Amino acid sequence: MSITSNLNLVLLQRITKPVLWLLCLAPATWLIYGLFTNTLGPNPAETLIRSTGDWSLRMLCLALAITPLRQAFNLYALAKLRRLIGLFAFFYVVLHAVCYAWFDMYWQWSDIWQDILQRPFILVGMLTFVLLLLMAITSPKRILKAMGAKNWQRLHRCIHLAAWL
């Protein structure tokens, strides 16, 4: 058996997705632990906001890397993990937005809207959030069937725009 065949067999094991879940949840667990043990540094709010943003970008890049890796190394089993990783990217984006709204803006919606309009990088972040929200909502297979494969695929190609933003 080739290395590719062995990797595909490993990736198809039932344990793969639970292990991936644990790996993807590890950063959030570490941040929650740090919050409760007061080990996030002198400015825990900034650490939470930056860390959740960094992890959302890492997950997004990982989700985007799956197709080229799958094609380059003939690892067809990687395709079964792409949606899970993409949803974890969205999970970290939501955590990032919640940390920003809670710790930075104290849930003051008028201040949040002013901040979005005044600071271009926050506007870009919100646009990215909306794109990822649309993709997360349309992630289930039944939505794919309802939308039609072509429309669904067109929407999900926005992942490249979200990564660029």
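Reader: Why does Pro 140 count as partly exposed?

Author: This is a predicted model. The relative accessibility of Pro 140 is 27%. Buried means under 20% and exposed means over 50%, so Pro 140 falls in between and counts as partly exposed. Pro 140 belongs to the loop between α6 (120–137) and α7 (141–147).

Reader: What makes α3 and α4 roughly antiparallel to each other?

Author: Helix α3 (residues 44–73) packs against helix α4 (residues 79–104) at an angle of about 160°. Angles over 145 degrees count as roughly antiparallel, and the pair is therefore described that way. The two axes are 8 Å apart, and the crossing of α3 and α4 is left-handed. Sorted by class, their contact has 20 nonpolar, 6 polar and 3 charged residues.

Reader: How do you know that the span of helix α2 agrees with its 22 residues?

Author: At 1.5 Å a residue, helix α2 (residues 16–37) should span 32 Å. Its end C-alpha atoms are 31 Å apart, so the two values agree.

Reader: Where in α2 does a kink lie?

Author: The kink lies at Ala 26, shortly before the proline Pro 27, and is about 40°.

Reader: Which residues of α2 are called buried, and what makes them so?

Author: They are Thr 16, Leu 20, Cys 24, Pro 27, Ala 28, Leu 31 and Gly 34. The term applies because buried means under 20% relative accessible area.

Key: Residues are numbered from 1 along each chain as its sequence is written. This is a predicted model: local features need pLDDT of at least 70, side-chain atom pairs count only at pLDDT 80 or more; totals for chains, interfaces and linings use all residues. Side-chain values use heavy atoms; hydrogens and water are left out. Axes are lines fitted to C-alpha atoms, for helices over the stretch in contact, and angles run from 0 to 180 degrees between N-to-C directions. Helices (H or I, at least four residues) and strands (E, at least two) are DSSP runs, numbered from the N terminus. Angles under 35 degrees count as roughly parallel, over 145 as roughly antiparallel, 65 to 115 as roughly perpendicular and the rest as oblique. A crossing is left-handed if the near helix is turned anticlockwise from the far one by less than a right angle, and right-handed if clockwise. Ala, Val, Leu, Ile, Met, Phe, Trp, Tyr, Cys and Pro count as nonpolar, Asp, Glu, Lys and Arg as charged, and the others, Gly among them, as polar. The expected span of a helix is 1.5 Å times one less than its number of residues. The bend at a residue is the angle between axes fitted to the seven residues ending there and the seven starting there. Buried means under 20% relative accessible area, exposed over 50%, partly exposed in between (1.4 Å probe, protein chains only).
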